[in-house]
Amino acid sequence: MIDSDSFKKTFLSELNSASSVSELQQIRVKYLGKKGLLTLQLKDLPTLAAEERRSFGKSINELKEYVEAGITSRESVLSKADLRKRLVSESIDVTLPGKYTPVGREHPINKVLREITDIFVRMGFSIEEGPEVELDYYNFEALNFPREHPARDMQDTFFVTEDVILRTHTSPVQIRVMEKIKPPLRFIAPGKVYRCDADVSHTPMFHQVEGFMVDTDISFSDLKGVLETFIHRIFSPETPVRFRPSFFPFTEPSAEVDIGCIFCKGKGCQVCKGTGWLEILGAGMVNPHVFEMVGYDPETYTGFAFGMGVERITMLKYSIDDIRLFFENDIRFLRQF
Ligand code: DAH
């Protein structure tokens, strides 16, 4: 037989020393589980006389209810305590600094490249591209730079093999497009070019935009009109422009195009070396030899070409004095544009 009073006393002391919901669960198993203390008591039931059986069964059932009720009420106390403990241990310190996610910016070179492209697209130019790893033939030969020609020296070439190079300018796109399309044509070719050179105004990789237009009646005045319009839009409508005679193997006549110095307004300063002018691009009328190389009849067609450096234009537009700033990607620099 079971001594109810001492049973309850032991149970209560265990119950009160339980400090968490999971400890309570262990107590439940110990008393009420399949092999629990009260369940085991019932095993003796069949050996008892009939009248004893009834009162024994009744007292076991009462104890079960007692245990059940005890656990339930202790559970409600402990689960509140558990919650309080979790709220303290898992609380968030809202005064801590947040996680910093740096946000990027459009690169000034891309921004200016987009502006240049927009201006020419509005004048009816389409956009063409060519490979950065280029054949000597397209980069030099077909552009009327014969082998051993001194003009090749000015373009500090990266060689892949003797005949394969990194393009030193975007002019080879002229040849590739003419091989593909018959005139009239009017396009620009933006892209990366490579020269083995590095200082405050040169990096081994930089960007150029080539311009090209061919038809039966293109003249130097068309070239002047297109470039003046471009310069007035990319800088300002008041910017003075001048064409100065020059030489490129693939254009004849050739010119270098200057703008009035934007730093001293033409008075002469360190940047323009006292001349009042800044060179911004090369241009000219397509050399008839170049037309012959691609099978265009130079008696029928005329055209103009020009090429500009995007880093140089960006540096002038925003008064940036060191080209290397473009390649550091310091967000404090990039945010200024
Ligand atoms: N390709 C020349 C260079 O990178 C720039 C140039 C000059 C392009 C005159 C032209 C041009 O199309 O007509 O030095």
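Student: Where is Gln-174 found?
Tutor: Gln-174 is found in helix H7. Helices (H or I, at least four residues) and strands (E, at least two) are DSSP runs, numbered from the N terminus. Keep in mind that this is a predicted model: local features need pLDDT of at least 70, side-chain atom pairs need 80 or more, and totals for chains, interfaces and linings use all residues. Residues are numbered from 1 along each chain as its sequence is written, and side-chain values use heavy atoms, leaving out hydrogens and water.

Student: Got it. Is Gln-174 buried or exposed?
Tutor: Gln-174 is buried, because its relative accessibility is 0%. The cut-offs are under 20% relative accessible area for buried, over 50% for exposed and partly exposed in between, with a 1.4 Å probe and protein chains only.

Student: What is Gln-174 in contact with?
Tutor: Leaving aside neighbours within four places in sequence, Gln-174 is in contact with Leu-143, Phe-187, Glu-210, Phe-212, Phe-250 and Ala-305. Contact here means heavy atoms within 4.5 Å.

Student: Which residues of H7 are buried?
Tutor: They are Pro-172, Val-173, Gln-174, Ile-175, Val-177 and Met-178. These buried residues pack against strand E2 (133-135), helix H6 (136-139), helix H9 (288-293) and the strands E4, E5 and E9.

Student: OK, on to the strands. What order do they come in within the sheet?
Tutor: The sheet is open and has 7 strands, running E1-E4-E5-E9-E8-E7-E6, with mixed pairing. Two strands count as paired if DSSP finds at least two bridges between them.

Student: Which strands stand at the edges?
Tutor: That's E1 and strand E6 (241-248). Each has a single partner strand, so one side of each is left without a neighbour in the sheet.

Student: How many bridges join E1 to E4?
Tutor: There are 2, and E1 (residues 126-127) runs parallel to E4. In that pairing, Ile-127 has Ile-188 in E4 as its bridge partner.

Student: And how do E4 and E5 run, parallel or antiparallel?
Tutor: Antiparallel, with 10 bridges joining E4 to E5 (residues 205-215). As an example, Leu-185 is partnered by Val-214 in E5.

Student: How many of E4's residues are buried?
Tutor: 8 of its 10, which leaves E4 (residues 185-194) mostly covered.

Student: What about E5 and E9, how many bridges there?
Tutor: 8 bridges, and E5 runs antiparallel to E9 (residues 302-309). Val-214 turns up again here, standing opposite Gly-303 in E9. Back to our helix: H7 (residues 172-180) packs on this sheet and touches E4, E5 and E9, with its direction at about 140 degrees to that of E4. Helix H10 (residues 310-318) packs on the sheet too, touching E5, strand E7 (251-260), strand E8 (277-286) and E9, at about 60 degrees to the direction of E9. Axes are lines fitted to C-alpha atoms, for helices over the stretch in contact, and angles run from 0 to 180 degrees between N-to-C directions.

Student: Which residues of H10 are buried?
Tutor: Val-310, Glu-311, Ile-313, Thr-314, Met-315 and Leu-316. Their cover includes H5, H8, E5, E7, E8 and E9.

Student: At what angle do H5 and H10 cross?
Tutor: Roughly 100 degrees, and their axes come within 10 Å. That makes H5 roughly perpendicular to H10. On this scale, under 35 degrees is roughly parallel, over 145 roughly antiparallel, 65 to 115 roughly perpendicular, and the rest oblique. Among the H5 residues in the contact are Pro-108, Ile-109 and Glu-115, while the H10 side includes Val-310, Lys-317 and Tyr-318.

Student: And how does H5 pack with H8?
Tutor: H5 (residues 108-122) and H8 (residues 220-234) pack at about 135 degrees, with axes 10 Å apart. H5 and H8 are therefore oblique to each other. H5 brings Glu-115, Ile-116, Ile-119 and Phe-120 to the contact, and H8 brings Val-226, Phe-230, Arg-233 and Ile-234.

Student: Last one: where is Ser-254 found?
Tutor: Ser-254 is found in strand E7. With a relative accessible area of 5%, Ser-254 is buried. Not counting residues up to four places away in sequence, Ser-254 touches several residues, including Arg-244, Phe-248 and Gly-284.
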